[in-house]
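I set out to record what can be looked up in this structure, entry by entry. The notes follow the order in which I consulted the coordinates.

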Amino acid sequence: MNTFDDDTDATYLGEPPRRPPRGRPQRSGPRRAAGPTDGSSSVLRVAAFVVLGIVIVFGFVFWIGSCSGQSKQQDYASYIAAMQNLATKSASVGKVFGNELGSPGLTMQGFQSDLTRWAQQQQSDYVAAQRLRPPGPLQNAHQYALATFYLRQAALTNLANTLTIAKEKHEAPSLAGAQLASEAQHLSTSDDLWAQLYQQLATQVLKDQHVTGVIVPASQIVKNSAILSASQLAPFYQRLSSPSNGHTVTGLHGMRVASASAIQGGVTTALSETTTATVALGVGSGTVIEVMVENNGAFQEVRIPVTLTLKSKDHRLSPPVTKTISQIAPGTQVPVQFTDIQVPPSAFSQSAFLVVHVATVPGEKQHSDNVATYKVFLRLAKS
């Protein structure tokens, strides 16, 4: 009986032992559930990076837009600030110009010198404005600002030249006044040019560009166009061209008090130096004392003080009140009005005197009619 199996026998007989077949993995335990593969994980990572990139790009775009908006606002604001300075400086000439027209000590040579200096200032403003670099949409409007400065410079220069020619030709005041008024009209035109073209157009551009908090400046060189009329400039020229020797003024000069009246509740009562008129005064009375002052000389006079004082027989009842006539042409009258005259309670229900005094002017020889005294009876006005 054979007690050995086949393998034992084969080994024993020198045959090599048999090995299990290779390449057959041994399975142990149950199979796990399938999870995501390496390929799907890569897709998710790429998508995340794409989303992040989009967020960064949009954020950068918004940041650039914000910076661009701030830069735009600053460009417009800086330009307008520079124009504000030039506009104010240019217009300031108008105030000095008006004051000189009413200056009693003004001479032909002095005024011509000032006109030349003011023209040079306008030229300087023109050059400074040329050097500015306005934002693109404001380029057209900026040309009107340049035209304004140029027109003012030309007008002031021509005024000085007109005075020179008129003096050399010994022209009549009426003709010289008309010529001066024609040149002075260009100053008023420059104001219209600035307001109606530069200022309005620039304001609209700022609105269209959504620029806020920036205001286009005004620039008005002529505050009162009446002083540049021929009727005002003719006597002004006559005053400038009147002969003088040092501080001695020649020719006929004179001022006088022509008349006075009290205006109460729309009713006018003439005052008299011989008869007494009843005048209602007091706080809130609304009574106006109107004095007519006349230039009875042959030349324009300027800056003439007119003083009103309320007196009794023995003393002054109220402090003097003074008004000033800026200028008055020869042979004309101007009204001077006094309101809210201070009256002490003791002055009511008694007679008093309203004393009007017009200051004498250089060269005036007759002084008797510079003062007038009017008789009044004071009553307290009803409140």
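**Entry 1: Salt bridges**

I began with Lys89, which forms a salt bridge with Asp125, their closest N and O atoms being 3.2 Å apart. Lys89 lies in helix H2 (residues 38–101) and Asp125 in helix H3 (residues 108–130), so this pair ties together parts that are 36 residues apart in sequence. I note that the model is a predicted one.

Asp114 is buried because its relative accessible area is 13%, under the 20% limit. Arg117, at 44% relative accessibility, counts as partly exposed.

Glu294 counts as buried at 15% relative accessibility, and Arg256 counts as partly exposed at 26%.

**Entry 2: The four-stranded sheet**

Which order do its strands take? I read S4-S3-S6-S9, an open sheet of four strands with antiparallel pairing. Strand S4 (267–270) and strand S9 (333–339) are the edge strands, each pairing on one side only. From one strand to the next, the twist averages 30°.

I next listed the bridges. Strand S3 (residues 255–264) is joined to S4 by four bridges, and the two run antiparallel. Gln264 has Val267 in S4 as its bridge partner. S3 and S4 form a hairpin with two residues between them, and Gly265 in the turn has a positive phi of about 60°.

On S6 (residues 288–295), I found eight bridges to S3, again with an antiparallel run. Here Val257 stands opposite Val293 in S6.

Pro335 is partly exposed, with a relative accessible area of 48%. What does Pro335 contact, leaving aside its neighbours within four places in sequence? I recorded Glu290, Val291 and Met292. Pro335 and Met292 are 43 residues apart in sequence, yet 4.5 Å apart in space, C-alpha to C-alpha.

**Entry 3: The five-stranded sheet**

I then turned to an open sheet of five strands, in the order S5-S11-S10-S7-S8, whose pairing is mixed. Its edge strands are strand S5 (277–281) and strand S8 (321–328), each of which pairs on one side only. The twist here averages 35° from one strand to the next.

Within this sheet, six bridges join strand S7 (residues 301–311) to strand S10 (residues 350–358), and these run antiparallel. Thr307 stands opposite His357 in S10.

**Entry 4: One buried arginine and one surface patch**

Arg152 is found in helix H4 (residues 139–169). Arg152 counts as buried, at 0% relative accessibility. Not counting residues up to four places away in sequence, I find that Arg152 touches several residues, among them Asp191, Gln122, Ser90 and Ile221.

On the surface, I noted a nonpolar patch formed by Tyr144, Leu197 and Leu201, with about 220 Å² of accessible area together. Leu197 lies in helix H5 (residues 173–208) and is partly exposed, with a relative accessible area of 33%.

**Entry 5: The chain as a whole**

The protein chain has six helices and eleven strands. Of its 383 residues, 36% count as buried. The accessible surface comes to about 23200 Å², and 55% of this belongs to carbon and sulfur atoms. Among contacts with a separation of 6 or more, residues 24 or more positions apart account for 77%.

Terms used. Residues are numbered from 1 along each chain as its sequence is written. This is a predicted model: local features need pLDDT of at least 70, side-chain atom pairs count only at pLDDT 80 or more; totals for chains, interfaces and linings use all residues. Side-chain values use heavy atoms; hydrogens and water are left out. Patches are made of residues with over 30% relative accessible area and no salt bridge: like charges are joined within 9 Å, nonpolar side chains (Val, Leu, Ile, Met, Phe, Trp, Tyr) within 5 Å. Accessible areas come from the Shrake-Rupley method with a 1.4 Å probe; for residues, only the protein chains shown count as cover. A salt bridge is a side-chain nitrogen of Lys or Arg within 4 Å of a carboxyl oxygen of Asp or Glu. Buried means under 20% relative accessible area, exposed over 50%, partly exposed in between (1.4 Å probe, protein chains only). Two strands pair if DSSP finds at least two bridges between them. Axes are lines fitted to C-alpha atoms, for helices over the stretch in contact, and angles run from 0 to 180 degrees between N-to-C directions. Contact means heavy atoms within 4.5 Å.
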